[in-house]
Amino acid sequence: MKIDWDRRTCARRGHVTYAPQEDVLRDRLRADTGLGEAWRCLRCGDFALGAPHGSGPADEAPLVPRGKVLRDLFILRFLAVERAVRGVFIVLVALAVWKFSNSQDSVRRFFDEYLDVFRPVFRHFHYDLDHSPVVGTIQKTFDYKHSTLLIVAVALLVYALIEIVEGVGLWRAKRWAEYLTVVATAMFLPLEIYELTEKISWVKIATLTINILAVLYILLAKRLFGLRGGLAAFEAERHSASLIEVETTAGVAAHS
Ligand SMILES: [Zn+2]
């Protein structure tokens with residue numbers, strides 16, 4: 001099934017119309033109807049009744065993401081939400097570890113109880129905590145010392161903050177966030193592969209697959225690290241898209 005991102009977005013947020021100063025373009029974007037004037041939407045191309053939302057020179061028309069660019073925005077926003085949710089969850093885990101590190105009682109017992117609390121949750125997602133090499137390593141080597149647990153809590157908090165910053169940045173379509181996501185996600189791939197060595201589960205495979213695809217997708221679609229022409233090509237693509245936007249909507253490209 002092919003999703004029409006343009007029309008879906010217009011249905012939710014309304015059309016975007018613009019009256020260019022150039023007469024030729026202006027005439028092509030405008031129509032008179034029995035109900036009054038109508039203008040072509042810069043996103044979906046349909047005519048929308050009423051006065052234009054803006055006016056001015058064609059090259060100052062609002063940059064309306066459409067087609068592939070709009071689809072990329074949706075995918076990155078899906079990733080943004082996924083990162084933010086994961087980040088908040090890990091903050092809670094870090095707080096729990098920190099709380100246990102301050103406990104007078106046997107920290108080991110608390111950690112085990114804490115695992116008991118989460119075991120059903122993880123089991124629901126078919127993730128077996130008892131056969132996780134990462135959890136096992138934590139249990140064996142850290143010996144549940146106060147100082148070690150503090151380090152674990154701080155490390156988790158840093159990781160969570162990175163995830164949240166990624167989420168916010170990706171949502172706002174920031175290029176630095178795309179770099180941060182690619183580098184940070186790639187850094188944790190070895191850990192995810194290590195998780196698969198002990199016991200394979202669909203959740204682990206799905207997580208690993210999503211993360212590998214996310215890294216490749218962002219790298220190529222956003223032309224990071226100079227790939228496919230890098231930032232210059234990325235900007236040029238966006239720029240020509242914005243010019244073509246007005247021109248193709250107006251049908252000028254077909255006449256030149
Ligand atoms: Zn529209």
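**View 1. Surroundings of E166.** Leaving aside neighbours within four places in sequence, E166 is in contact (heavy atoms within 4.5 Å) with R83, A177, L180, T181, A184 and T185. This is a predicted model, in which local features need pLDDT of at least 70, side-chain atom pairs count only at pLDDT 80 or more, and totals for chains, interfaces and linings use all residues. Residues are numbered from 1 along each chain as its sequence is written, and side-chain values use heavy atoms, with hydrogens and water left out.

**View 2. E166 in its helix.** Helix α6 (residues 146–171) holds E166. Helices here are DSSP runs (H or I, at least four residues), numbered from the N terminus. E166 has a relative accessible area of 0%, so E166 is buried (under 20% relative accessible area, 1.4 Å probe, protein chains only). The E166 side chain makes a polar contact with the side chain of R83, at 3.4 Å. Such a contact is a pair of N or O atoms within 3.5 Å; within protein, one must be able to donate a hydrogen and the other to accept it, and residues adjacent in sequence count only if both atoms are side-chain atoms.

**View 3. Packing of α3 and α8.** Helix α3 (residues 67–101) packs with helix α8 (residues 202–221) at an angle of about 140°, and their axes are 12 Å apart. Axes are lines fitted to C-alpha atoms over the stretch in contact, and angles run from 0 to 180 degrees between N-to-C directions. R71, D72, I75, L76, L79, R83 and R86 of α3 meet N211, A214, Y217, I218 and A221 of α8 in this contact.

Technical notes. Helix = DSSP H or I, 4+ residues; strand = E, 2+ residues; numbered from the N terminus. Buried < 20%, exposed > 50% of the residue type's maximum accessible area, 1.4 Å probe, protein only.
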